[in-house]
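Dear colleague,

Here is the structure, handed over for your files. My notes on what was found in it follow below.

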Amino acid sequence: MLTRTVLRPRILNFNRLLHSSSRINRQLFDPSTVERVSEDVDVCIVGAGPAGLSTAIRLKQLEQKLGKEFRVVVLEKGAEVGSHILSGAVIEPRALDELLPDWALRDDHPLTQAATSSHMRFLTKSLSIPIPHPPQMSNQGNYIVSLSRFTAWLGNIAEEMGVEVYPGFAGAGVVYADDGSVGGVRTNEVGLDRLGCMKESFEPGMEFRAKVTLIAEGAHGSIAKELIQNFDLRRNSDPQTYGIGIKEVWRVDPTQYRPGEVVHTMGWPLDFRTYGGGWVYHMADGLVSLGLVIGLDYANPYLSPYKEFQRMKHHPYFAQLLSGNSTRIAYGGRSLNEGGLQSVPQLYFPGGALVGCSAGFVNIAKIKGTHNAMKSGMLAAEAAATVLSQDSSSPADMSRYETALKNSWVWSDLNEVRNLRESFHTPLGIWGGIMYSGIDSLLLKGRTPWTFRNRARLTDAQHTQPAYRFRPIDYPPPQPPLSTDLLTSLTLTGTNHAEDQPVHLRVRKDGVEGTALRNLHVQRNVSEYAGLLQRACPAGVYEYVEDEMAADGWNGHKLVINSQNCIHCKLCDIKVPTQDITWTVPEGGGGPKYTV
């Protein structure tokens, strides 16, 4: 058994090494022949974000209340808790108040900057026009934080309570029981080379066999994607839709720093066909978080989210904010759920449940989801504790979690704004969506007998139109220090992957890979969509380069995947028109290292 100590990850890694063999000499890895270490736990949580950690903390609270002992394990693919967490972020502390009522008395808490004001502005190319903001966007009582630091803080609390948290161990696959139910998860193999052969450092992934398995990977995680498909969890809900958020953190000149100020923007640099908007959050310690969210249902394949954001910073409003003695210190990108209530899938499956952004609880009107994610985790913990107390040999039935969530303030929070985002996909168009959203958020507040649905079941990828319908966008060249090229920004993420490992971004469709599929991918994406991914990816992962001799190319072009650049935003998996890019977890610990 694994030892439960503060140094658990190191001990766990030592146990994995005991089961490796130095005699393996670059043999092709065959998962059917490997002997895996197996650990039995009560609850296995995949993902040490706010949702997963809130689940773990609540389970330990219930353990004390019920007088029972629950072995709770949290697996985290980041090298440290919080290193893969990226958000604006303004937190509504409602769930935190319920989870840790005395949080404000803790000397180490990171909620040190209260939001002091909220503003909204409509941008033209040269003007910044103040406009009323919906009441849902009021930030009275909220806090501007680094979500990465907030998550690390929750991780410390979870460990103090006895939760086993294992950073650097990515949940890579589902362990199914003989009856087809979910019996846990396995971590990924370590020590495979790019060809899938075993190096001398090879260590097989471990199995964590759990009575209850809870998936808290964040938006569009690979395990949640598998479970939603295998158990048809979306049969009664709309497809999930997403946005891509591009963020930077600057230490601004003291003359431009207004602690606690929250600003959201609409309009320029995006055109009237593209959904999105910007933000400016004045954090503690002279830092400012700013960024741009673009709905991934955009039609124009020539659009570059990264370059739109860089262009936005040259607007007079942003140029003034970042003038003087200002320095950029961080960059990142992340996909976020935008589908709202209509896109929430069935939350439970035999043996476990989806929590947080794996299910999709972002309130797009508030531009917040952490409070809902945390609350969902707390409710899942309560349902799991009930299941564990029953001592049944049947697969865990977590349906009571879904019932509890629908009776909670999370459901009310989402129900009030359920029509706002979807109104942009009605015959009203984008201007009609803006008008409807204003009326609904200010007056109706969701009290309508109708709910807009995505009856055509169009995904973000299917909203992409062929390149011949558009002109290429002429983006201005970078003008440092205000704007820079992509690779310069990428250095600020701390991203690192071991180069000699299997590429975790696979050209794969319906479980099939190979040269023929790669040929077809290049043909369609170059000829029909002008190589969308090489502009859409905010980390420069994808390139369609000229290569007349490539066997896996088309018409003198081939796809190059710079997987070492990947910041785990999942945009490629969501947006590629051919839907043949599959994001999988790399070796545990690889990826960005976000801290602010």
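The mean positions of the 59 positive and 61 negative charges of the protein lie 4 Å apart. Lys and Arg count as positive and Asp and Glu as negative, with His and the chain ends not counted; each charge is placed at NZ of Lys, CZ of Arg, CG of Asp or CD of Glu.

This is a predicted model, in which local features need pLDDT of at least 70, side-chain atom pairs count only at pLDDT 80 or more, and totals for chains, interfaces and linings use all residues. Residues are numbered from 1 along each chain as its sequence is written, and side-chain values use heavy atoms, leaving out hydrogens and water.

Buried residues (under 20% relative accessible area, 1.4 Å probe, protein chains only) make up 61% of the 596 residues. The C-alpha trace spans about 65 × 65 × 50 Å along its principal axes.

Leaving aside neighbours within four places in sequence, Phe150 is in contact (heavy atoms within 4.5 Å) with Ile91, Leu96, Pro110, Leu111, Thr370 and Met374.

Regards

Methods
Buried means under 20% relative accessible area, exposed over 50%, partly exposed in between (1.4 Å probe, protein chains only).
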